[in-house]
Amino acid sequence: MSGELPGTFWQAADGLHIDVRGLDPPEPMVAILGHLAQGSQTGPVTVHHDREPIYLYPELAERGWEYRLVAGAPGEVRLILSKAPHP
(Lines give C-alpha, C1' and ligand atoms only; values in the text may rest on other atoms or scores of the structure.)
Protein backbone atom coordinates (compact mmCIF):
# COMPACT_ATOMS: atom_id res chain seq x y z
CA MET A 1 0.00 0.00 0.00
CA SER A 2 2.80 2.44 0.82
CA GLY A 3 3.73 2.61 -2.87
CA GLU A 4 0.29 4.10 -3.53
CA LEU A 5 0.59 6.83 -0.91
CA PRO A 6 1.52 10.39 -1.94
CA GLY A 7 4.85 11.90 -0.99
CA THR A 8 8.27 10.39 -0.53
CA PHE A 9 9.23 8.00 2.24
CA TRP A 10 12.29 6.09 3.30
CA GLN A 11 13.52 3.95 6.17
CA ALA A 12 16.63 5.21 7.99
CA ALA A 13 18.51 4.20 11.12
CA ASP A 14 16.30 6.57 13.14
CA GLY A 15 13.01 5.20 11.76
CA LEU A 16 10.60 5.95 8.93
CA HIS A 17 10.74 9.36 7.24
CA ILE A 18 7.75 10.76 5.33
CA ASP A 19 8.31 13.84 3.17
CA VAL A 20 5.06 15.55 2.22
CA ARG A 21 6.52 18.93 1.26
CA GLY A 22 5.01 20.36 -1.90
CA LEU A 23 1.81 18.31 -1.66
CA ASP A 24 -1.60 19.95 -1.68
CA PRO A 25 -4.13 19.13 1.06
CA PRO A 26 -5.35 16.54 1.85
CA GLU A 27 -2.42 14.54 0.43
CA PRO A 28 -0.04 15.15 3.37
CA MET A 29 -2.60 13.85 5.87
CA VAL A 30 -3.47 10.92 3.59
CA ALA A 31 0.21 9.96 3.34
CA ILE A 32 0.96 10.26 7.06
CA LEU A 33 -2.16 8.47 8.29
CA GLY A 34 -1.79 5.85 5.56
CA HIS A 35 1.68 4.93 6.76
CA LEU A 36 0.58 4.82 10.38
CA ALA A 37 -2.45 2.67 9.52
CA GLN A 38 -0.23 -0.06 8.12
CA GLY A 39 0.46 -1.03 11.70
CA SER A 40 4.10 -1.94 11.17
CA GLN A 41 5.39 1.39 12.52
CA THR A 42 5.70 1.81 16.24
CA GLY A 43 7.86 4.92 15.90
CA PRO A 44 9.64 7.04 15.63
CA VAL A 45 8.28 8.46 12.40
CA THR A 46 9.78 11.71 11.12
CA VAL A 47 7.49 13.91 9.03
CA HIS A 48 8.95 16.61 6.77
CA HIS A 49 6.22 19.20 6.03
CA ASP A 50 5.86 22.70 4.53
CA ARG A 51 3.55 23.98 7.25
CA GLU A 52 2.30 23.03 10.69
CA PRO A 53 -0.41 20.38 10.13
CA ILE A 54 -2.89 21.50 12.78
CA TYR A 55 -5.68 19.29 11.42
CA LEU A 56 -3.43 16.24 11.73
CA TYR A 57 -2.97 16.54 15.49
CA PRO A 58 -6.47 15.37 16.57
CA GLU A 59 -6.25 12.50 14.07
CA LEU A 60 -2.95 11.39 15.58
CA ALA A 61 -4.35 11.53 19.11
CA GLU A 62 -7.37 9.49 18.06
CA ARG A 63 -5.04 6.80 16.69
CA GLY A 64 -2.80 6.72 19.77
CA TRP A 65 0.13 8.72 18.43
CA GLU A 66 1.96 11.70 19.93
CA TYR A 67 3.97 14.35 18.10
CA ARG A 68 6.65 16.86 18.86
CA LEU A 69 7.97 19.67 16.71
CA VAL A 70 11.73 19.67 16.17
CA ALA A 71 14.13 21.89 14.27
CA GLY A 72 14.28 21.21 10.56
CA ALA A 73 15.74 22.83 7.48
CA PRO A 74 14.76 26.46 6.78
CA GLY A 75 11.14 26.52 5.62
CA GLU A 76 10.50 23.01 6.90
CA VAL A 77 8.23 21.94 9.73
CA ARG A 78 9.53 18.68 11.14
CA LEU A 79 7.54 16.42 13.42
CA ILE A 80 8.63 13.32 15.30
CA LEU A 81 5.72 10.92 15.81
CA SER A 82 5.70 8.17 18.40
CA LYS A 83 3.14 5.79 19.83
CA ALA A 84 1.53 7.20 22.96
CA PRO A 85 2.30 5.17 26.09
CA HIS A 86 -0.56 2.99 27.25
CA PRO A 87 -2.18 4.32 30.43
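This note covers the fold, surface and core of the predicted model above.

1. Basis. The model is predicted: local features need pLDDT of at least 70, side-chain atom pairs count only at pLDDT 80 or more, and totals for chains, interfaces and linings use all residues. Residues are numbered from 1 along each chain as its sequence is written, and side-chain values use heavy atoms, with hydrogens and water left out.

2. Elements. The protein chain contains 5 strands and 2 helices, in the order β-β-α-β-α-β-β from the N terminus. Helices (H or I, at least four residues) and strands (E, at least two) are DSSP runs, numbered from the N terminus.

3. Overall dimensions. The radius of gyration is 12 Å, close to the 12 Å that the globule rule gives for 87 residues, so the protein chain is as compact as a globular protein of that length. That radius is taken over C-alpha atoms, and the rule is 2.2 Å times the number of residues to the power 0.38. The C-alpha trace spans about 35 × 30 × 30 Å along its principal axes.

4. Core. Of the 87 residues, 37% are buried (under 20% relative accessible area, 1.4 Å probe, protein chains only). The largest nonpolar core has 16 residues; those touching the most other members are Val-20, Ile-32, Leu-36, Val-45, Val-47, Leu-60 and Leu-81. Such a core is a set of buried Ala, Val, Leu, Ile, Met, Phe, Trp, Tyr and Cys residues joined through side-chain atoms within 4.5 Å. At least two residues each come from strand 2 (15-19), helix 1 (27-37), strand 3 (45-49), helix 2 (56-62) and strand 5 (77-83). Helix 1 gives the largest share, 4 residues.

5. Val-47. Val-47 belongs to strand 3 and counts as buried because its relative accessibility is 0%. Ile-18 lies 29 residues away in sequence, yet the C-alpha to C-alpha distance is 4.9 Å. Beyond four places in sequence, Val-47 is in contact (heavy atoms within 4.5 Å) with Ile-18, Val-20, Ile-32, Val-77, Arg-78, Leu-79 and Leu-81.

How values were computed
Buried means under 20% relative accessible area, exposed over 50%, partly exposed in between (1.4 Å probe, protein chains only).
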